[in-house]
Amino acid sequence: MNPISRRKFLKSLTALGAAAGAPFAFAVRHGGATAAEAAAIEKEAAAFANPLRLPGASGLYGVMRASDLRELRVLRTEVEILPGKRTPYLAYAAEAGGKRFLNPALLAKRGEEIRVRMVNRLQEPTIIHWHGLGNDARNDGNGLYLAEPGKAYEYAFKLQDRASMYFYHPHPHGYIPGQVYHGLASLLFVEDEEEAALRRSLDLALGETEIPLVLQDRNFDAQGRLEYKISREEMFQGFVGGRLLVNLADRPFLSATRRIYRFRILNGSNARTYQLAFLQGGRKLGHYLVGTDGGLLAAPQRVEQAFISPAQRLDLLLDLREANEGRPVTLATLAFDPMHAEGAGGDSMAGMDHGKMGAQQMPAAPMQGMTMEGEPRALLRIDLKSSPAYPRKVPATLSMLPAAKAPSGTPRRIKLAHDGKGKWTINGQTYDAGKNALTVQRGASESWLIENDRASMPHPMHIHGFQFRVLERNGSPAQVRTLAGARGLLPQDLGFTDTVNVWPGESVRVAFDFSHLYSGDQDYVFHCHNLEHAELGMMIRYRVKT
Ligand code: C2O
Ligand code: CU
Ligand code: CU
């Protein structure tokens, strides 16, 4: 089903649901779940029977110290995702201390040095990009340098970055969505004193009470192989998979006790956005947003739900003492309007015949095992086991985060639109690997006004080389505005970020500080992290000039 019709489908169901009082209405509603919607999600979660995969001492997502890393081999392997099935998979393989790791979750301290040799054992070029880190261009892995099949690439860089959960994934333009989809991506945790203080004060342990959650949507064939068949119109929308996986577990559950848990969530999907909430007994459970892409906020923000776009991270504290004993809590994605080609009429989807895609062609109920974007669904069931003595409280302050301030001068304008021929554009341009579309001065403070067309889609815009601040949002759609505070800002706009979602019709003003330690011109990219959009050319090169 293509997303335009999905959207009509959602709208028609809203009308139906209101008329017939259907218990599972996919209401496109601002503010999220009704009790009935929540209850339906929780009911779905009750059947989840696969244990959540947790980062362990070795194997897939095994935790290793980045300082022990010598070599990452990019190779083809197999993993078990659907119970009892072997799924061919691409992974980063490493060895340390006699243990083998696949897509290791790397741990490092701020200031530490990473030296690693990437060996490409694939049949196509690849390169690792360290998403969110402020590396020099050579160590950024932005695709301007590649490792051809059989070749290696040496990285050597010092982690200057704030403590946060970063991630690494391939960045060879022309191959990015496919390589990521088939498995290449994992986490990098950078730690510092503030981070350690939070863990101490809440008695958190990675993999036990501090749990990374990687959200990915995938399609499988009958043999359990990943399917990535994508039509041109799906490229234009971005790939949306029918199954929602968490840490490569399908319909997972986690056993927890009634204390504070930390969930560090990465949206590792190619193009799907989620609206996350914790549900119990038909209600949303309030929780705390403590960090974003670029690390801890100054202070925790009480939230009930939050959007998370591809590549974004949310660092959440959930106090399960606020939950009722004896019934599970469900991490869900709530109903929302994915706003694909919003208000486009006929012109945004070149060559597509809207007249033939009426809601009447849609199935009357969601297909088994298929989940559309914006459809409310359970992601993870959390079973509550016991109530240990746990006298700790969410700290009032988290980090020494400077207030975001607007640089003087008129903002640089960045316009997001499409060219009417099936490609998304940044200031009217598509990717040209041979040319810098934009130059900034090293050390400059700049504000950018990123304006998304009304007849557009949400574009999670990501910059390499720097974390930035969000100053204000204007023109946000109602489902976003309802979650926003002063200057239209969302709670997750209060920290450092490397990816900001810009909804159709929205203009988002952001502030950059282009200071870094590297002399000599450094070339990076700025792109949409809807990976299919980037692949179609929604990416520009930019230069930091010394
Ligand atoms: Cu995570 Cu250029 O990307
Ligand atoms: Cu990046
Ligand atoms: Cu996009």
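A charge sits over a ring if NZ of Lys or CZ of Arg is within 6 Å of the ring centre and within 35 degrees of the ring normal. With that in mind, select Arg469 and Phe496 in this predicted model: Arg469 lies over the face of Phe496, at 4.8 Å from the ring centre.

Now show the whole chain as a cartoon, where eight helices and 36 strands can be traced. Among the contacts in the chain with a separation of 6 or more, 80% are between residues 24 or more positions apart.

Next, select the copper ion (ligand 3), which is coordinated by ND1 of His459, SG of Cys528 and ND1 of His533, at 2.0 to 2.2 Å. Along the sequence these donor residues follow the spacing H-x68-C-x4-H. Because His459 lies in strand β31 (residues 459-463) and His533 in helix α8 (residues 531-535), the pair ties together parts that are 74 residues apart in sequence. Both His459 and His533 are buried.

From here, turn to the aromatic rings, of which the structure holds 23 pairs. Select Tyr181 and Tyr228 to see one whose ring centres are 4.9 Å apart and whose planes meet at 40 degrees, so the pair is tilted. Tyr181 is in helix α4 (residues 176-181), whereas Tyr228, 47 residues apart from it, is in the loop between β14 (226-227) and α6 (232-237). Tyr181 counts as buried, at 0% relative accessibility.

Phe307 and Trp503 make an edge-to-face pair, 5.0 Å centre to centre with 65 degrees between the planes. Since Phe307 lies in strand β23 and Trp503 in the loop between β33 (499-502) and β34 (507-513), this pair ties together parts 196 residues apart in sequence, and both residues are buried. To view a cluster linked by ring pairs, select Trp448, Phe466, Phe468, Phe512, Phe514, Tyr524, Phe526 and Tyr542.

Finish at Ser309, in the loop between β23 (306-308) and β24 (313-319). Is Ser309 buried or exposed? With a relative accessible area of 1%, Ser309 is buried, because buried means under 20%. Its side chain is joined to that of Asn501 by a polar contact of 3.1 Å, and, leaving aside neighbours within four places in sequence, Ser309 is in contact with Asn267, Thr273, Pro460 and Asn501.

Methods:
Residues numbered from 1 in each chain as written. Chains lettered and ligands numbered in written order. Predicted model: local features only at pLDDT ≥ 70, side-chain atom pairs only at ≥ 80, totals over all residues. Heavy atoms only, no water. Donors = N, O, S within 2.8 Å, 3.2 Å for Na, K, Ca; no water. Helix = DSSP H or I, 4+ residues; strand = E, 2+ residues; numbered from the N terminus. Buried < 20%, exposed > 50% of the residue type's maximum accessible area, 1.4 Å probe, protein only. Polar contact = N/O pair within 3.5 Å; in protein donor to acceptor, adjacent residues only side chain to side chain. Contact = heavy atoms within 4.5 Å. Phe/Tyr/Trp six-rings, centres within 6.5 Å; stacked < 30°, edge-to-face > 60°.
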